[in-house]
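Visitor: I would like to learn how to read a structure feature by feature. Could you walk me through one?

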Amino acid sequence: MHYIRLLRPPKLAPSQRAMHTELVFTITTDLGDSFLCPDEPIDLVVTADIYSPTGNVSCELSEHGKLQWLPGRRVAKPVYDLPPMAVNAMMSGDAVELCVGTASSFAAEDVRGILSSLGEKASQGGAGGLVMPVRVALNGPEADNDISTRKLRLSAASEPPEYLEVEEEIGESIARHVWDAGVVALSAIAGTYKFPGLESSQHPCMQALRRMFDDSETMNILELGCGVGILGTGLCAVYPRGAGDCTILMTDLDEAEGRARANIALLKHNRSGSQLGNANILYENLNWDHGRQGRFGRQVQRRRWDLIMLSDCTYNVDMLPALVETLSALHASNVEQVVDGDEPVSSRVFLATKPRHASERALFDLMAGAGWLTLETQVLPLPVLGGANESVEMYLFEKA
Ligand SMILES: C[S@@+](CC[C@H](N)C(=O)[O-])C[C@H]1O[C@@H](n2cnc3c(N)ncnc32)[C@H](O)[C@@H]1O
C-alpha cells in the first residue's frame, strides 16, 4: 500500500483574491523506502472540507486531471486559492480540513475497499494496489502544526457512517505513523464484525479471534508496540462490548506515548453520538528491554491478559529476542495470577506482519523455542501499485 504524506504543514498566505494554501507532499510505502511509481499517471484530488453547525461541505480545489502523480515523481507542491466559503468558515471559527487523495478506485479509505482489494490484481479489474489519503486541519481545535490524520470508514456504505480517525506526526518517525500490517490486520478484524461474509472474515484465524472475543465473559487485550494506535483504537472502535467487559491496553516506548494517548482521546471524542465501541482503552509505556526481565508497569501487572497483539513489530531482527522474551514474561505473569480453583492458564498472541526480508523468519524459531505453538496462520496478499506484490501475514500463537 502507498501513503500520501505531507512533508510539512500546509502554508496559508493571503493572495490577491483571498487566501491561498501551499501543499508539499509525497507518496511512499509505509517504510518510506520507495516512492509510488505507477505504470500510468494517477489522478489526485485535493478538497477543502468545511465542518460547520449548519452542515458539512466539501469543495474540490484541484481541477479534474490537473494534479497527477506521474511515474518517477518524488514530490508535489500544488498551490490553491481557498474558496470564499472556506475562508469565511475559517474566519468564523468552523473547522476546515484539506484532504489529499486519489481517484476512489485507488483510495484506501474504507475497510470494505481494503479487504476487497487484497489479492485483486489490476489484470483482474481491480486497482492493483491502494493509496491512503491524508487529511490536515487548517484551523479549529484539531489544528496542530505537526499533525495529519488518516480516516478509515469502518461501516458499510449502506450503514450509518462510522469512521476511525488516527493522527500521525508529519515527518518520518517510525513510531508515529500507520503501517501496512496494522491497517490490514485492523481491516481483517473489523471485517469479521462489519462484513462477516467476506473470505478474509471466514478464515479460521479470524474465526478463532472472534470466538475468543465473543465467548469470554471479560476480555483483557494488551498491545505491544502500538505506534499511533491504529490496531488498538480500531479494535476498540468495532468491539461491541462495553468498558466492564473489555479492556484494551496499548503500550509502546515513551516516545510514542503522546501520539498514542492523543489517538485514544480522539476515539473517545468521536464516540459521542456514534456507534463506535465502548471498551475501556488505556495506554502505558512498555519497553521490551524491560519486559523481557519481567519489569512491567502498574497497568500491565494488574490484569491477566487474554490476548496480546502486535502489528509490524518484527522487522528489526535485533529486537526479536527482547520481544519474544517479553511475550514469555507476560505469559509467566498470567500464570502467576492464577488462583486456586482457576482453570490452567494459556496465553494467546495475535501477530500481524508484512515480511520485508528473510531474516525476519527468525521470529518463528524463537517463538517455537520459547514454547509458543502456532494455532492459525492467515496470509493476505497485498497488491502494490507499480511494484511487486507483498503480503500481510497474521498468526495466532498459544503458550500453555
Ligand atoms: C513499525 S512500528 C508499528 C506500529 C504499529 N504497531 C502499527 O502497526 O502501526 C513498530 C513499533 O514498535 C515499537 N518498538 C520498537 N522497539 C520497541 C521496544 N524495544 N519496546 C517497545 N516498543 C518498541 C516502535 O516504537 C514502533 O511504535
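Visitor: Let me start with helix α6, residues 230-238. How many of its residues are buried?

Guide: First, the general idea. An α-helix has 3.6 residues a turn, so residues three or four places apart point the same way. Now the case here, in a predicted model. Helix α6 is mostly covered, with 9 of its 9 residues buried. Among them are I230, L231, L235 and V238. G232, G234 and C236 are buried as well.

Visitor: What share of the whole protein counts as buried?

Guide: Of the 400 residues, 54% count as buried. The exposed surface comes to about 17,000 Å², and carbon and sulfur atoms supply 48% of that area.

Visitor: What does the radius of gyration say about the fold?

Guide: Compare it with the value for a compact globule. For 400 residues that would be near 21 Å; this protein has 22 Å, which agrees. The C-alpha atoms fill a box of roughly 75 × 45 × 40 Å along the principal axes. Inside are 11 helices and 20 strands.

Visitor: How much of the contact list comes from residues 24 or more positions apart?

Guide: Take the contacts with a separation of 6 or more. Residues 24 or more positions apart account for 72% of them.

Visitor: Now charges. How many salt bridges does the structure hold?

Guide: The general idea: side chains of opposite charge can pair when their charged atoms come close. This structure holds 20 salt bridges. The protein has 34 positive and 52 negative charges, and their mean positions are 2 Å apart.

Visitor: Show me one pair. Which residue does R135 bridge to at 3.0 Å?

Guide: That partner is D49; 3.0 Å separates the closest N and O atoms. R135 lies in strand β11 (residues 134-137) and D49 in strand β5 (residues 42-52), so the bridge ties together parts 86 residues apart in sequence.

Visitor: Are R135 and D49 buried or exposed?

Guide: Check relative accessible area against the 20% cut-off for buried. R135 has 14%, so R135 is buried. D49 has 7% and also counts as buried.

Visitor: What does R135 do with E97?

Guide: Their side chains meet in a salt bridge, at 2.6 Å from N to O. E97 sits in strand β9 (residues 95-102) and R135 in strand β11, so to speak distant parts of the chain, 38 residues apart. Both E97 and R135 are buried.

Visitor: Where do E162 and K194 lie?

Guide: The side chains of E162 and K194 meet in a salt bridge too, at 2.8 Å from N to O. E162 is in the loop between β12 (147-153) and β13 (163-169), while K194 is in helix α3 (residues 180-194). The two are 32 residues apart. Their cover can be read residue by residue. E162 is buried, at 10% relative accessible area. K194 has 26% and counts as partly exposed.

Visitor: Which residues are linked in a network of salt bridges?

Guide: D30, D180, D312, K354, R356 and E390.

Key:
Residues are numbered from 1 along each chain as its sequence is written. This is a predicted model: local features need pLDDT of at least 70, side-chain atom pairs count only at pLDDT 80 or more; totals for chains, interfaces and linings use all residues. Side-chain values use heavy atoms; hydrogens and water are left out. Helices (H or I, at least four residues) and strands (E, at least two) are DSSP runs, numbered from the N terminus. The radius of gyration is taken over C-alpha atoms; the globule rule is 2.2 Å times the number of residues to the power 0.38. Buried means under 20% relative accessible area, exposed over 50%, partly exposed in between (1.4 Å probe, protein chains only). Contact means heavy atoms within 4.5 Å. Accessible areas come from the Shrake-Rupley method with a 1.4 Å probe; for residues, only the protein chains shown count as cover. Lys and Arg count as positive and Asp and Glu as negative; His and the chain ends are not counted. The place of a charge is taken as NZ of Lys, CZ of Arg, CG of Asp or CD of Glu. A salt bridge is a side-chain nitrogen of Lys or Arg within 4 Å of a carboxyl oxygen of Asp or Glu.
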